[in-house]
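Subject: A structure for you to explore

Hi,

Here is the structure I promised to pass on to you. Have a look around first, and then read my notes below with the picture open beside you.

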Amino acid sequence: HQVVITNYLPLKVIAIYSGESSRLFSECSEPFQSEFIRNINKAPIQGTDYSNLPKMLYLNKLYWPLSLLSLLISSLEDNKRFIKDILKIDSVEKIKIDFQRKNYEEYNDNLALKFIRDIDAKDEYELEELKRLLLDKGYLENDLYKYLYLAYTHNNSQLIDNIVIKFNKNLTISDLSEGEKKLLLIKAALEFGAQEDSLFILDEPDAHIHMNNQEQIIKAWEPYKGNRQIVITTHSPTIAQAIEDDNVYMMN
């Protein structure tokens, strides 16, 4: 008897990893990433719906800046509370985007390129200035993460090379704690990284972080449990105790 599993597969797989090893990317995500890069310019117009993102998104420290910018642009109260209460960001002084204009000609006129062209009139913005520009150009807040992902993830011909966000009187992402940066990656991925019926894989999100931030990780996925499937590896009793016993598996 043959079982067809297609209808049971997640629509997207989101892998979140904050360590230094590249094994998760090279063994699991790289084939999907390479296929995505090969196909990115086949269609003359490429939108930002989730079908146009890779089947597997691998998110690591390279994606801290676009995660933070997407959350800063969001008008949702939950995201505003995350920025203020968890990341302790009270003010944003400057957003600097390193555009790779020499690579524009390698792209067809897809919507990611149009988005980048719409914001590359200058290299530095104030937060409210950038919000107004996006509103005037008709962009939806939830699309920002997808546009930035597409612009950021084209190997050596990406449209933008880096985003530097100055906040709280010239602090940057590097001034956040390891726990705060992990929470940032997780929060943005759950909020923007995929639609419902996706599978999220979190590899030791609690590693090397303070107990209080381990508790915040638990709180971060709580609102999404109803429509996201989340698989976590952990050595943390705090994380394990927060999960129902039927959902905890001990591995040798």
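Let's begin with helix α6, which spans residues 144-152 and is mostly covered, with nine of its nine residues buried. The buried residues in α6 include Leu144, Leu148 and Leu150, and several tyrosines are buried there too, among them Tyr145, Tyr147, Tyr149 and Tyr152. Lys146 and Ala151 in α6 are buried as well. Please keep in mind that this is a predicted model.

Now the strands. In what order do the three strands of the open sheet come? The order is β4-β3-β5, and the pairing is antiparallel. Since β4 (124-125) and β5 (160-167) stand at the edges, each has a single partner strand, so one side of each is left without a neighbour in the sheet. Strand β3 covers residues 92-99 and is joined to β4 by two bridges.

Is Asn103 buried or exposed? Its relative accessibility is 5%, so Asn103 counts as buried. Setting aside neighbours within four places in sequence, Asn103 is in contact with Asn156, Ser157, Gln158 and Leu159. With Gln158 there is a polar pair to look at: a polar atom of the Asn103 side chain lies 2.9 Å from the backbone oxygen of Gln158.

Next come the charged pairs. How many salt bridges does the structure hold? There are 13, and I picked out a few for you.

One of them brings together the side chains of Asp120 and Arg101, at 3.5 Å from N to O. Asp120 sits in the loop between α4 and β4, while Arg101 sits in the loop between β3 and α4, so this pair ties together parts that are 19 residues apart in sequence. Asp120 counts as buried because its relative accessibility is 15%, whereas Arg101, at 38%, counts as partly exposed.

Another salt bridge joins the side chains of Asp118 and Lys137, at 4.0 Å from N to O. Here Asp118 belongs to helix α4 and Lys137 to the loop between α5 (127-136) and α6, so the pair ties together parts that are 19 residues apart in sequence. Asp118 is buried, with a relative accessible area of 17%, and Lys137 is partly exposed at 42% relative accessibility.

Glu129 and Lys122 also form a salt bridge, with their closest N and O atoms 2.8 Å apart. Glu129 is partly exposed, with a relative accessible area of 23%, and Lys122 counts as partly exposed too, at 36%. Elsewhere, Asp78, Arg81 and Lys187 are linked in a network of salt bridges.

Finally, go to the start of the chain. Which residues form a nonpolar patch on the surface? They are Val3, Ile5, Tyr8 and Leu9, and together they have about 470 Å² of accessible area. Leu9 is in the segment before β1 (13-16), and at 47% relative accessibility Leu9 counts as partly exposed.

Enjoy exploring, and write back with any questions!

Best wishes

Notes. Residues numbered from 1 in each chain as written. Predicted model: local features only at pLDDT ≥ 70, side-chain atom pairs only at ≥ 80, totals over all residues. Heavy atoms only, no water. Patch = residues over 30% accessible without salt bridge, like charges linked within 9 Å, V, L, I, M, F, W, Y side chains within 5 Å. Areas by Shrake-Rupley, 256 points an atom, 1.4 Å probe, with all protein chains shown as cover. Helix = DSSP H or I, 4+ residues; strand = E, 2+ residues; numbered from the N terminus. Buried < 20%, exposed > 50% of the residue type's maximum accessible area, 1.4 Å probe, protein only. Pairing = 2+ DSSP bridges. Polar contact = N/O pair within 3.5 Å; in protein donor to acceptor, adjacent residues only side chain to side chain. Contact = heavy atoms within 4.5 Å.
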